[in-house]
Amino acid sequence: MLDVAAPYYEPVGHECELFEYAFHQKLPLLLKGPTGCGKTRFVSHMAARLGLPLQTVACHDDLTASDLTGRFLLQGGETVWTDGPLTRAVRNGGLCYLDEVVEARKDVTVVMHPLTDDRRVLPLDRTGELLEAPDDFMLVASYNPGYQHVLKSLKPSTRQRFIALELGFPPPEQELKILIRESGLPREKATALINLANRLRELKGQDLEEGVSTRLLVYCGRLIQAGMPILQSARAALVEPLSDDEDVRDGLMETISATFGG
Ligand SMILES: Nc1ncnc2c1ncn2[C@@H]1O[C@H](COP(=O)(O)OP(=O)(O)OP(=O)(O)O)[C@@H](O)[C@H]1O
Ligand SMILES: [Mg+2]
């Protein structure tokens, strides 16, 4: 059931097949990968492709279990139970996507434990319900292992409830397709930008926390395609967002000028 309106996603391996197997086998899926590598796009693409409604929750450390499951709200003098996004997906079927799941506190992540093992149930203490997840319910979580520190990691008992997939930056050929498609940049300019990105990525680790993302490349391509000079576009999209350190930025600009001249 391929939905033609599915957001564009360029596969880099067999991740679409893996996602479909996971969905049909009712296994929760954990996506790992650096910022801007396509995790969110992948999930919206697969939701549309499988014809599933998508509930996305951006996790943070103030997120409570009730934010996920629901709460009683005052409505015209009455208290009415209102489902949270997780409960909605369990009740009606569909995909629940917990973005940056490591940001959620451990007492919050345990809410999904009975949902992510073979029980596939969600107990709602407040309403006394025990919801059984329908066949078309799937839980997907994602995080960036790069800036994870000791306090922000998933408990093994949470991690080991998911099958996991690492997404990295796409290989040059796929990234070129993505860049052309997302920015409208002609092939020749896009190729030069991809080569540059890979040169900049080699500098990662020395002074940079993360290499330039596919997202930033698309931004850069859009600026260039809109008519902004290449060096200015590169500074705004590929240098400033990556570092506040002047020496690091100068180093990046040097590589860029050496590639594009100027
Ligand atoms: N495989 C891909 N197919 C199509 N577009 C892609 C792909 N990978 C990256 N992109 C492009 O990169 C942009 C950023 O991707 P996305 O927002 O999915 O990243 P992310 O991994 O969710 O990042 P974050 O961890 O910061 O949320 C997308 O809007 C899209 O333009
Ligand atoms: Mg995302």
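Helices (H or I, at least four residues) are DSSP runs numbered from the N terminus, and their axes are lines fitted to C-alpha atoms over the stretch in contact, with angles running from 0 to 180 degrees between N-to-C directions. The model is predicted, so that local features need pLDDT of at least 70 and side-chain atom pairs count only at pLDDT 80 or more, while totals for chains, interfaces and linings use all residues. Residues are numbered from 1 along each chain as its sequence is written, and chains are lettered from A and ligands numbered from 1 in the order in which they are written.

**View 1. Packing of helix 7 (residues 172–183) and helix 8 (residues 187–202).** The two helices pack at an angle of about 130 degrees, with their axes 9 Å apart.

**View 2. Surroundings of ligand 1.** Ligand 1 is surrounded by 19 residues (C-beta atom, placed from the backbone, within 6 Å), and the closest are Thr-35, Gly-38, Lys-39, Thr-40 and Arg-41. Helix 2 (39–49), helix 7 and helix 9 (214–225) are the elements that give two or more residues to this shell.

**View 3. Domain 1 (14–166) and domain 2 (172–261).** The bounds of these domains come from an automatic or database domain assignment, and their centres, taken over C-alpha atoms, are separated by 33 Å. Seven residues of domain 1 are in contact with six residues of domain 2 (C-beta atoms, placed from the backbone, within 7 Å). The shell around ligand 1 draws at least three residues from each domain.

Methods: Contact = placed C-beta atoms within 7 Å.
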